[in-house]
Amino acid sequence: MCGLTGCWTKQTNSSLRASIQVMSQTLHHRGPDAGAIWVDESQEIGLGHRRLKVIDLSENGAQPMHSACNRYVLVFNGEIYNHQALRTELEECKLAPTWRGHSDTEILLAGFVAWGVIATLQRAVGMFSLALWDKTERRLTLGRDRFGEKPLYYGWLGKGSCQTFVFGSELKALRAFPDFDNPINRDALALYFQFLTVPAPHSIFQDIFKLEPGHVLVLQNEGFNHRAAKIEPYWQLTDVVNKGISSPIRDEIEAIDLLESVLQKSIEQQSIADVPLGAFLSGGVDSSLITALMQDQSNRPIQTFTVGFDETEFDESPYALAVAQHIGTEHHELRVTSSEALDIIPNLPEIYDEPFSDSSQIPTYFICQAARQKVTVALSGDAGDELFGGYNRYFWGGRIWSKLAWLPTVARKLLGRGISLFPVSTWDAINYILPSYYQATNFGDKAHKLAYRLERVENRDDLYRTLLMIWQEGNDLVKHSNKLPTILDDGNIVENISESEQRMMFWDSLLYLPDDILTKVDRAAMSVSLETRAPFLDHRIAEVAWRLPLHMKIRDGQGKWALRQVLYKYVPRDLIERPKAGFSIPVGEWLRGPLRDWAEDLLSQEKLESEGYLNPALVRETWQQHLSQRYDRSHQLWSVLMFQAWLDKTN
């Protein structure tokens, strides 16, 4: 795992080397083991790299790396898990160079020479972002992995003959380029308030973008403006979905056996490293399955990590310990106090580098920090929910809509208003007398969210969109902003998916997974120089997942049926079965308690008016509603607070 950056100017720049050095240094946390830069003799293009040594710890794996033929220069961030297979294929086809070492970077470069960029990336199994310079054609190619595990920003600075194309693993590298002055993109800011993150291809700054997962960008010598960049996909989840739906697996035994096989293969490949390796373990289905299969393949106890909190409602560490003891791992549990969690909040704008407000970023940071004390690489269970139907909204949405669809719109709105009349605490009390299979953590909060949405939805897909969006009125909140379209507005991409639950999983895989979940994990992990790997994101597992009919994902009001059948071969059912909690912290309570003064300062009428980005009246009304304790507005407020804190850090 590493960090990369670079730029391409329209004219010779004698200070280019110094600029690349400064940009690269901002990414030191992503690669503390080594760093280097390369600048073309024309002094128009430069590449910078920071290295976290994981595969081939020698200097043979150092970057920027030149191809054996000396035509290409590559900076690469990530891992190619099947690099040994690619090396063998190159050798058997007599296309291999004289190898200098055994790094995946060197093998990837040889593939680019032998097969071209697109064909090589289609062969590769892994997570990555990369920048490749072709000295002969004077062509720059950027690429990103299929699901977006590794970030890659790019964009244009300046105007006319002074224009510069910049790129990097994080925004801080681009902002370190001299005279960066791109203003905040208010339209993208409105999207942030809807989704808690700025979704690709947008970024928080004008003329700066994120390369979308599964795409490459090619920039030729003849132009630097937006239209000169050619962006195309080399892999699309849409193709996997359509193919899977057209050729489903009907036999349950066959499906479970195939799923177990591809998971074992993925974990085997992702467990290869020249440094210590472990796994995150929450005690839930996804992390327990990854850990169990890892341990099954290992001849010694693997190291597992979990984080526990003082607030028992949010503490899943006992479940993780029980699973670890059964599997036989060497388990490490970090206890985090409220004061320790609060202390990390001022650092979040620097860690995430762009407005980001999924509050589980806090426990994610702590588990990464704990793991880094023992290992350099940690495997996670990310993406199990999106691929196999794990989120509550997949089965609660259908259950709720089936009972409400017959109601006229006016009646649904009245019902929503009725639910909101009772405070969160009342609904939490009701939760305890419901049958266990209807219970859920944060029930009162969910009831209020439901009420809010009942007043606004017309169909089941609308219900999903409102479940995903935090500020429905993003453009009302952000002054002088216009609505930007997202993939949720494109009905064509789901026209072949007849079941609403499957449409939700698809949308989540394209939007929520890369822009929220994977962003959260990448920034938290890399801030402490930890490499994370997600075995579920092997694209071959996605191919199997989309061949499973819905009843092999969601059954009897419970998600991830197929994953559970595999897991129960390794872990007893009673260690796993409990309501899904998520990875959460008591933000709502903190905002009324120890964080109140901090929040009040950031949300003051005077501050909001002087900055000029947000609607002060709407923010203040939301803040007062939360303080009244009749409403839980923690998600909306946390998004505002994270933007305000980021803005303070940026200015």
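Student: Which helices each supply at least two residues of the lining of the second largest pocket?
Tutor: Helices here are DSSP runs of H or I, at least four residues, and strands are runs of E, at least two, numbered from the N terminus. For this lining, helix H7 (237–246), helix H21 (500–510) and helix H22 (512–527) each give at least two residues. Mind that the model is predicted: local features need pLDDT of at least 70, side-chain atom pairs pLDDT 80 or more, while totals for chains, interfaces and linings use all residues. Residues are numbered from 1 along each chain as its sequence is written, and side-chain values use heavy atoms, leaving out hydrogens and water.

Student: How many residues line the second largest pocket, and which lie nearest its centre?
Tutor: A pocket is an open set of points on a 1 Å grid over the protein atoms alone, where a 1.4 Å probe fits, with protein on both sides within 12 Å along at least five of seven lines; lining residues have an atom within 4 Å of a point. Here 24 residues do the lining, with Glu212, Pro213, His215, Ile487 and Leu510 nearest the centre.

Student: Where does a charge sit over a ring?
Tutor: Look for NZ of Lys or CZ of Arg within 6 Å of the ring centre and within 35 degrees of the ring normal. Arginine 393 lies over the face of tyrosine 391, 4.6 Å from the ring centre. Likewise, the charged end of arginine 555 sits over the ring of tryptophan 561, 3.9 Å from its centre.

Student: Are tryptophan 8 and tryptophan 133 buried or exposed?
Tutor: Both are buried, meaning under 20% relative accessible area with a 1.4 Å probe, protein chains only.

Key
Buried < 20%, exposed > 50% of the residue type's maximum accessible area, 1.4 Å probe, protein only.
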